[in-house]
Amino acid sequence: MIDPTRVRAALAERQDNFSLPQPFYTDEAFHRLDLDAVFNDEWLFACNSCELREPGDYLTLEIGATSVLVLRDMDGEIRAFFNTCRHRGSRICLEEKGHAHRLTCPYHQWVYDLDGALLHARQMPAGFEREGYGLRAVHVEIVCGMVYICLAATPPDITRFRDAVTPYLAPHQPWRTKVAASVTMIEEANWKLVIENNRECYHCAANHPELLATLVEFALPDDPAGSRDFRLLMEAQAAKWDRHGLPHLPADGGDEFRCIRLPFHRGAVSFTPDGSPACGKLLGELTDPDLGSVRMFRVPNNWNHFLADHIIHFRILPLSATRTVLRTTWLVHEDAVEGVDYDVDTLTSVWNATNAQDARLAANNQLGVGSLGYAPGPYAPSEFMLRNFTNWYARKLASHLDGAHGQRSIALKVSNG
Ligand code: FES
Ligand SMILES: [Fe+2]
């Protein structure tokens, strides 16, 4: 375990509105602290509920050394469990995705129901009480079809987030979708550099030609850096969204989340190379393909775009101090037909190119931050979201050190069926 004095010293050294001191980005002991203080304590985006369409569908994800199993049970409810057998601890589901009506541990074949109850434990003696050996449950919350999980025994309140983002997301009916494509890539960078890179578009003009063909690089409706043309576009689109009853002004997410609807460039309606729709069948009951995109971000591991014709979820999980896994998932209406309503290459090419460019930028950032020559540098005004993020992060670590969350390191709730 990391010496708290070291962490407090690094936090004290941190300057507001500057990038973080080096060890936060490079040191494996700080990485383990991030797992404890942030990833084992916060709500994490796992997947869209449509990825678990049928009872028995499951997926797994790794939060540090902890594998979590997310599944749909026979009653249609989405549940999550530690993917660790209650016999001697083997990992149970070894694949990233699968389908099973019972969960059988590969080691000695203990069998669990999808509600976590232990059904069979062969050769165990008479009197063995299976009830005490159900899978340990992980908290689950579904927000407009997005599955969030939390490993903490007592999770942080998610109500404010849910209430704030639902009016923006619900018109897109993210729960009535299907996965059109999913890409997983490893970024050679600390997870915070991946988030910081994502939270600003200061780098976009020089690095993202495909993205900027359609995306407006300004982050606020009244962005001081915005051009006159942007303001006129914003006014016209905002009036239209008001007529549709679609919220668009920034939600009050503090440092924890952000939700806002912003337009595409004039004439563009979607993240395609020429701005034309990516999917002919619009989401939910939407009838207007030109709704801009709801950009929703939530600490620590998720950002998204909700368009009229598709949704993109981005999920990151840290692998080490200097490596992060990014999973990007493109969703279209559940009844959309590939080859008729959409083409996967057209749907994914802009963000595949953008992700590859961002991965290079973040890796270069990591290399420079690891140098003897690195010193924290000042954020530009357009990097205000990095200030929000690093302030949130510093508070999270400080409160962890103060013990506010120390007691809720893992959930010990046991499922008895
Ligand atoms: S460790 Fe799972 S059955 Fe033995
Ligand atoms: Fe980028």
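Strands β15 and β16 form a hairpin with two residues between them. The model is predicted: local features need pLDDT of at least 70, side-chain atom pairs count only at pLDDT 80 or more, and totals for chains, interfaces and linings use all residues. Residues are numbered from 1 along each chain as its sequence is written, while chains are lettered from A and ligands numbered from 1 in the order in which they are written. Helices (H or I, at least four residues) and strands (E, at least two) are DSSP runs, numbered from the N terminus.

Nine bridges join β15 to β16 in the antiparallel sense. Two strands count as paired if DSSP finds at least two bridges between them. Histidine 313 has threonine 329 of β16 as its bridge partner. β16 also runs antiparallel to β11, to which 10 bridges join it. There, threonine 177 stands opposite histidine 333 of β16. β14 (residues 302–306) pairs with β15 (residues 311–320) over five antiparallel bridges. Histidine 305 is partnered by isoleucine 312 in β15.

These strands belong to an open sheet of six, with antiparallel pairing and the order β11-β16-β15-β14-β13-β12. β11 (177–187) and β12 (257–262) stand at the edges with a single partner strand each, so one side of each has no neighbour in the sheet. From one strand to the next, the twist averages 15°. Helix α9 (residues 344–369) packs on the sheet, where α9 touches β11, β15 and β16 (323–333). The direction of α9 makes about 20° with that of β11. Axes are lines fitted to C-alpha atoms, for helices over the stretch in contact, and angles run from 0 to 180 degrees between N-to-C directions. Contact requires C-beta atoms, placed from the backbone, within 7 Å.

Helix α5 (residues 191–198) is mostly covered, with seven of its eight residues buried (20 or more other C-beta atoms within 10 Å of the residue's own, these atoms being placed from the backbone; exposed means 12 or fewer, partly exposed in between). The buried residues include Trp191, Leu193, Val194 and Ile195, and also Lys192 and Glu196. They pack against α2 (23–26), β11, β15, β16, α9 and α10 (384–401).

The protein is divided into domain 1 (44–150) and domain 2 (159–369), with bounds from an automatic or database domain assignment. Their C-alpha centres lie 31 Å apart. In the contact between them, 13 residues of domain 1 meet 20 residues of domain 2. On the domain 1 side, β1 (44–48) and β2 (57–63) each supply at least two residues.

Notes: Contact = placed C-beta atoms within 7 Å.
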